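Subject: Structure for your review

Dear colleague,

Please find the structure below, together with its sequence.

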Amino acid sequence: SCLQLGLERFHGVCILGFNSAEWFIADIGAILAGGFAVGIYTTNSPEACHYVAENCSANVVVVENHKQLQKILEIQHKLPHLKAIVQYGEELKEKRPNLYSWSEFRDLGKDVPDAQLREIIDSQKPNQCCTLIYTSGTTGQPKGVMLSHDNLTWTAVAAGRFIALTDAKEKQELVVSYLPLSHIAAQMSDIWSAMAFGAQVFFAQPDALKGTLVDTLRDVRPTAFLGVPRVWEKMEEKMKSVGAKSSTLRRKVASWAKGVGLQTNLKRMNGYSEVPVNFRLARHLVYKKVRKAIGLDRCTKCYTGAAPISRETLEFFLSLNIPVLELYGMSESSGPHTMSLPHAFKLGRKLVLFYLKPGQKDRQEGQALCPVSLQKLHFASQFFHFLNNSGATLELIITAGGENVPPVPIEDAVKDAVPIISNAMLVGDKAKFLAMLLTLKCNVNVETGEPGDDLTPEAVEYCQKLGSKATKVSEIISSKDKVVYAAIQKGISAVNEGAVSNAQKVQKWVLLEKDFSLFGGELGPTMKLKRPVVVQKYKDQIAQFYADVDT
């Protein structure tokens with residue numbers, strides 16, 4: 001069908017929609033027809049969609065629904081290579097030239113002889129580019145990462161073998177597809193590794209990240225699951241909230257089981273294989289029930305990636321006998337770059353390193369042989385020992401005094417010290433001291449993803465314990481609620497006491513009226529904080545931190 005529409009060699013087929021069978025089919029069809037498969041984030045503005053579609057010389061754009069179609073129609077006149085638009089998720093609401101429904105699109109292919117397609121497939125070479133992964137634009141304009149056929153196929157098999165995915169001939173793996181397929185993590189997990197090992201893929205609801213994901217997990221009971229840190233954090237918050245409402249006896253049993261679980265798993269992590277009797281009892285009384293409640297009772301491979309995760313969250317799940325294994329990667333390495341394994345992991349470290357030294361031909365111990373020399377990634381051997389859950393190698397604030405400050409550990413510590421805080425972002429690049437932007441936990445509009453003014457039930461409960469009657473973010477900020485502000489300052493002061501130097505202490509902070517979100521643009525599609533966007537959006541508040549100093 002792509003060929004019938006006039007798809008040219010090495011031109012893009014852009015796909016703009018939530019995860020679905022049609023997304024997979026369009027992606028693989030574009031590749032086999034000799035084009036580039038190019039995902040576009042569903043949260044992109046029309047201008048951002050134009051940047052990607054124009055940059056990859058798109059011949060075809062596939063959209064999910066009328067809402068996404070409108071974005072493309074708005075920029076269509078600025079896409080000189082565009083020949084057709086296809087809509088798959090719902091019936092077309094209007095007829096236009098070169099606009100096709102999914103069924104109309106599929107019918108087009110009937111007139112193209114198999115021999116023509118076979119000739120194009122046979123002409124393709126393993127090292128030729130077949131997919132463009134556009135970065136989410138966290139640090140500026142998105143960059144199109146060129147991945148070849150063997151980048152995808154080799155990585156899918158190698159990574160799958162390392163994490164011990166089982167071939168479907170023996171036992172079929174089950175995975176849930178919900179992370180943005182325009183991101184390499186989801187593509188590698190849901191399409192390429194799933195294809196290599198014959199996994200069964202279930203598609204979550206489009207509002208998965210707004211709250212329905214756990215329902216899907218309970219229905220599917222996957223055997224492997226990749227969650228971005230925010231997913232694990234949300235699960236942790238929900239489980240803590242439910243636990244707090246349990247009876248005194250249940251809370252005591254849960255607390256005992258978590259203590260046993262954490263100690264046993266930390267020892268196991270360090271090489272001790274003995275399983276104590278109390279751990280077996282705790283597994284029967286608590287761990288199995290918790291796993292079943294969140295749909296992970298069959299999951300033997302729980303992973304986290306795409307952004308840094310706090311040690312506290314990792315230890316929380318470890319205490320419930322759910323080891324959440326970290327993987328670090330990037331689009332340029334076809335996804336996974338370093339990863340922990342079920343039988344060999346450390347909190348905050350990823351152990352298996354995928355890289356090939358320039359000129360190296362043979363596999364060495366601890367290394368995986370890649371068919372292409374990733375010279376760009378050779379720096380990995382030099383900074384590998386710095387890689388940890390702080391994200392310190394990627395995110396640094398350099399103060400006016402020349403102090404290098406990794407912000408993530410400080411932000412995580414503040415969130416841990418003050419449970420009402422939803423997001424914290426440290427600022428102070430080229431400044432005389434550090435300051436922090438803070439947001440409060442609030443209810444989110446399920447339809448739009450927009451953060452509201454009402455505090456979450458957990459946040460309201462926290463305020464009540466402090467002696468505050470506040471139920472809204474605006475109430476706390478407008479009145480500068482004394483007890484809430486005092487509790488925040490107390491938490492920050494406690495974090496400052498543990499700072500390695502005065503330069504790493506938080507001197508000022510401000511509460512923002514809105515939480516960070518995809519809707520507001522502060523978070524990327526994988527819930528990663530877009531620091532440059534936040535700095536620009538809240539430049540006035542940041543300037544205020546330093547106004548007195550400058551004066």
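In what follows, helices and strands are DSSP runs numbered from the N terminus, a helix having at least four residues and a strand at least two. Please note that this is a predicted model.

Overall composition

The protein chain contains 19 helices and 21 strands. It has 551 residues, of which 51% count as buried. The accessible surface of the chain amounts to about 26,200 Å², and carbon and sulfur atoms account for 53% of that surface. Where contacts link residues at least 6 apart in sequence, 63% of them join residues at least 24 apart.

Cavities

Two cavities of 30 Å³ or more were counted. The volume of the largest cavity is about 320 Å³. Its lining is made up of 19 residues, and those closest to the centre are Pro308, Lys415, Asn423, Met527 and Leu529.

Which elements supply at least two residues each to this lining? They are helix H9 (229-244), helix H14 (407-417) and strand S17 (421-427). Of the contributions to the lining, that of H14 is the greatest, at four residues. In terms of domains, domain 2 (149-349) and domain 3 (397-547) each provide at least three lining residues. By residue type, the lining of the largest cavity comprises eight nonpolar, three polar and eight charged residues.

Thr399

Thr399 is found in the loop that runs between strand S15 (397-398) and strand S16 (404-405). Is Thr399 buried or exposed? Its relative accessibility is 8%, and because buried means under 20%, Thr399 counts as buried. Leaving aside residues up to four places away in sequence, Thr399 touches Val405, Gly428, Lys430, Ala431 and Leu434.

Most residues other than glycine have a negative phi. Two residues of this model are therefore described here with that general rule in mind: most non-glycine residues have a negative phi.

Ala164 is not a glycine, yet its phi is positive, at about 65 degrees. Ala164 sits in the loop between helix H6 (149-162) and strand S8 (174-177). With a relative accessible area of 45%, Ala164 falls between the limits of 20% and 50% and is therefore partly exposed.

Arg221 also has a positive phi, near 55 degrees, and is a residue other than glycine. The loop that holds Arg221 lies between helix H8 (213-220) and strand S10 (224-227). Arg221 has a relative accessible area of 31%, so this residue too is classed as partly exposed.

What does Arg221 touch, not counting residues up to four places away in sequence? The residues in question are Leu174, Gly295, Asp297 and Arg298. As for Asp297, this residue is 76 residues from Arg221 in sequence, while the C-alpha to C-alpha separation of the two in space is 6.7 Å.

Yours sincerely

Technical notes: Residues are numbered from 1 along each chain as its sequence is written. This is a predicted model: local features need pLDDT of at least 70, side-chain atom pairs count only at pLDDT 80 or more; totals for chains, interfaces and linings use all residues. Side-chain values use heavy atoms; hydrogens and water are left out. On a 1 Å grid over the protein atoms alone, a cavity is a set of points where a 1.4 Å probe fits but cannot get out, and a pocket is an open set with protein on both sides within 12 Å along at least five of seven lines; lining residues have an atom within 4 Å of a point. Grid points are joined across faces, edges and corners, and a volume is the space filled by probe spheres set on the points. Ala, Val, Leu, Ile, Met, Phe, Trp, Tyr, Cys and Pro count as nonpolar, Asp, Glu, Lys and Arg as charged, and the others, Gly among them, as polar. Domain bounds come from an automatic or database domain assignment. Buried means under 20% relative accessible area, exposed over 50%, partly exposed in between (1.4 Å probe, protein chains only). Contact means heavy atoms within 4.5 Å. Accessible areas come from the Shrake-Rupley method with a 1.4 Å probe; for residues, only the protein chains shown count as cover.
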